[in-house]
Amino acid sequence: MREVNPLLWGVGQIPAGHLADRIGRKPLIVGGMLVQSGGFVLALALLDRPLLAGILSAVALGIGTVMVYPTLIASVSDHAHPAWRIHALGTYRFWRDIGYAAGALVAGVLADALGLNATVIAAAVLTAASGLLAARWITER
């Protein structure tokens with residue numbers, strides 16, 4: 001079950017990149033964040049059926065990630081002048097990677113303080129909020 005998410009993510013990046021070139025970056029970024037948020041909700045909604053919860057949430061998280069991950073990098077590249085594109089991508093990746101570490105720490109603190117379910121709900125809410133903020137602020141080139 002652990003392999004479902006990275007498998008979808010790895011296999012889907014090329015078709016997602018082509019789709020982002022055809023329909024634009026914003027729909028995939030916004031949609032992907034909302035799909036990821038739904039994956040967290042599925043994990044909790046199906047707790048009485050753990051195998052189904054694991055598979056469906058892993059599929060949703062994998063599809064959402066494949067929509068978002070390469071598209072965000074492409075969006076940064078779209079908005080950066082070629083002379084400083086490498087610096088823009090480095091800055092984006094730095095803050096993205098710091099977010100992974102900070103998110104893990106915050107999730108650990110929340111889980112200790114409020115429990116695992118509250119932590120998963122917080123992750124779903126923050127992920128959906130970022131999708132909605134992206135809908136508001138991302139511009140297409």
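**Entry 1: the model**

I note at the outset that this is a predicted model.

**Entry 2: the largest pocket**

I looked up the volume of the largest pocket and found about 1,000 Å³ of space in it. A total of 28 residues line this pocket, and the closest to its centre are M33, Q36, G99, Y100 and T127.

I then asked which helices each supply at least two residues of the lining. They are α2 (25-45), α3 (50-79), α4 (85-114) and α5 (116-137). The helix that gives the most is α4, with 10 residues.

I recorded 20 nonpolar residues, seven polar residues and one charged residue.

**Entry 3: salt bridges in the whole structure**

I searched the whole structure for salt bridges and found three. In general terms, side chains of opposite charge can pair when their charged atoms come close. I took the pairs in turn.

**Entry 4: R25 and its partners**

I began with R25, which forms a salt bridge with D21; the closest N and O atoms of this pair are 2.7 Å apart. Is R25 buried or exposed? I found a relative accessibility of 12% for R25, so the residue counts as buried, the cut-off being under 20%. D21, in contrast, is exposed, with a relative accessible area of 55%.

I next examined D78, whose side chain meets that of R25 in a salt bridge, at 2.7 Å from N to O. This pair links distant parts of the chain, since D78 lies in helix α3 and R25 in helix α2, 53 residues apart. D78 has a relative accessibility of 26% and therefore counts as partly exposed.

I asked which residues are linked in a network of salt bridges. I recorded D21, R25 and D78 as its members.

**Entry 5: R96 and D97**

I turned to R96, which forms a salt bridge with D97. The closest N and O atoms of R96 and D97 are 3.1 Å apart. R96 counts as buried because its relative accessibility is 13%. For D97 I found 35%, so this residue counts as partly exposed.

**Entry 6: summary**

I keep two points for reference. The lining of the largest pocket receives its greatest contribution from α4. R25 has salt bridges with both D21 and D78.

Technical notes: Residues are numbered from 1 along each chain as its sequence is written. This is a predicted model: local features need pLDDT of at least 70, side-chain atom pairs count only at pLDDT 80 or more; totals for chains, interfaces and linings use all residues. Side-chain values use heavy atoms; hydrogens and water are left out. On a 1 Å grid over the protein atoms alone, a cavity is a set of points where a 1.4 Å probe fits but cannot get out, and a pocket is an open set with protein on both sides within 12 Å along at least five of seven lines; lining residues have an atom within 4 Å of a point. Grid points are joined across faces, edges and corners, and a volume is the space filled by probe spheres set on the points. Helices (H or I, at least four residues) and strands (E, at least two) are DSSP runs, numbered from the N terminus. Ala, Val, Leu, Ile, Met, Phe, Trp, Tyr, Cys and Pro count as nonpolar, Asp, Glu, Lys and Arg as charged, and the others, Gly among them, as polar. A salt bridge is a side-chain nitrogen of Lys or Arg within 4 Å of a carboxyl oxygen of Asp or Glu. Buried means under 20% relative accessible area, exposed over 50%, partly exposed in between (1.4 Å probe, protein chains only).
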